[in-house]
Amino acid sequence: MYGGFLFTAGFTPRDPVTGAVVPGDITVQANRVFDSLEAVLKGAGCTFKDVVKVNVYLTDFGGDFAKMNAVMAARFGEHKPARTTVPIARFPGPVLLEVDMVAKLP
């Protein structure tokens with residue numbers, strides 16, 4: 001937290017108990033990432049409505065963008081924070097995406 005904002009590190013789809021990458025397609029992995037980010041937001045007294053910026057990194061931009069976008073739409077509803085989506089070559093292991101966010105603190 002700094003200057004009235006919460007900055008998260010990049011989150012990958014890891015089980016919060018075991019730390020292992022959650023197996024599955026982009027929808028499964030994106031939901032795991034946003035579950036983790038939601039927990040961090042909640043811990044800071046925020047919700048997805050407080051998010052002002054999202055960075056998404058995808059290994060299969062063409063194949064996974066629409067599915068990841070659907071997960072984001074379900075999480076954010078009518079709220080539309082600024083977003084940058086970047087294609088990348090690969091992550092270590094079976095990770096399909098990474099997401100970081102900036103939220104305004106209440």
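**Entry 1: the end of helix H2.** I began at Gly77, which follows helix H2 and has a positive phi, near 60 degrees. The helices I name (H or I, at least four residues) and the strands (E, at least two) are DSSP runs, numbered from the N terminus. I note here that this is a predicted model, in which local features need pLDDT of at least 70 and side-chain atom pairs count only at pLDDT 80 or more, while totals for chains, interfaces and linings use all residues. Residues are numbered from 1 along each chain as its sequence is written, and side-chain values use heavy atoms, with hydrogens and water left out.

**Entry 2: what H2 hides.** Which residues of H2 are buried? In H2, residues 61-76, I found Asp64, Met68, Val71, Met72 and Phe76 to be buried, where buried means under 20% relative accessible area, exposed over 50%, and partly exposed in between (1.4 Å probe, protein chains only). Their cover includes helix H1 (26-43) and the strands S2 (51-58), S3 (82-87) and S4 (97-104).

**Entry 3: the sheet.** I then traced the strands, and found that 4 of them form an open sheet of mixed pairing, in the order S1-S4-S2-S3; two strands pair if DSSP finds at least two bridges between them. Strand S1 (5-7) and S3 stand at the edges with a single partner strand each, so one side of each has no neighbour in the sheet. S2 and S3 pair in the parallel sense over 6 bridges, and Val56 stands opposite Thr85 in S3. Helix H1 lies across S1, S2 and S4, and runs at about 30 degrees to S4; for such angles, axes are lines fitted to C-alpha atoms, for helices over the stretch in contact, and the values run from 0 to 180 degrees between N-to-C directions.

**Entry 4: the core.** The largest nonpolar core has 23 residues, and Val99 and Met101 have the most contacts inside it. Such a core is a set of buried Ala, Val, Leu, Ile, Met, Phe, Trp, Tyr and Cys residues joined through side-chain atoms within 4.5 Å. H1 gives the most to this core, with 6 residues.

Leaving aside neighbours within four places in sequence, Val99 is in contact (heavy atoms within 4.5 Å) with residues including Val33, Phe34, Leu37 and Val54. Val99 and Leu37 are 62 residues apart in sequence and 8.6 Å apart in space, C-alpha to C-alpha.

**Entry 5: a buried glutamine.** Is Gln29 buried or exposed? Gln29, which lies in helix H1, is buried, with a relative accessible area of 1%. Beyond its neighbours within four places in sequence, its contacts include Pro13, Val21, Pro94 and Leu97.

**Entry 6: the rings.** I found 5 aromatic pairs in the structure. The centres of the Phe5 and Phe7 rings are 6.4 Å apart and their planes stand at 55 degrees, so this pair is tilted; rings of Phe, Tyr and Trp (its six-membered ring) pair if their centres lie within 6.5 Å, and planes under 30 degrees apart count as stacked, over 60 as edge-to-face and the rest as tilted. Phe5 is partly exposed at 28% relative accessible area, and Phe7 is also partly exposed, at 48%. The charged end of Lys104 sits over the ring of Phe5, 5.6 Å from its centre, a case that requires NZ of Lys or CZ of Arg within 6 Å of the ring centre and within 35 degrees of the ring normal. Finally, Phe34, Phe48 and Phe76 form one aromatic cluster.
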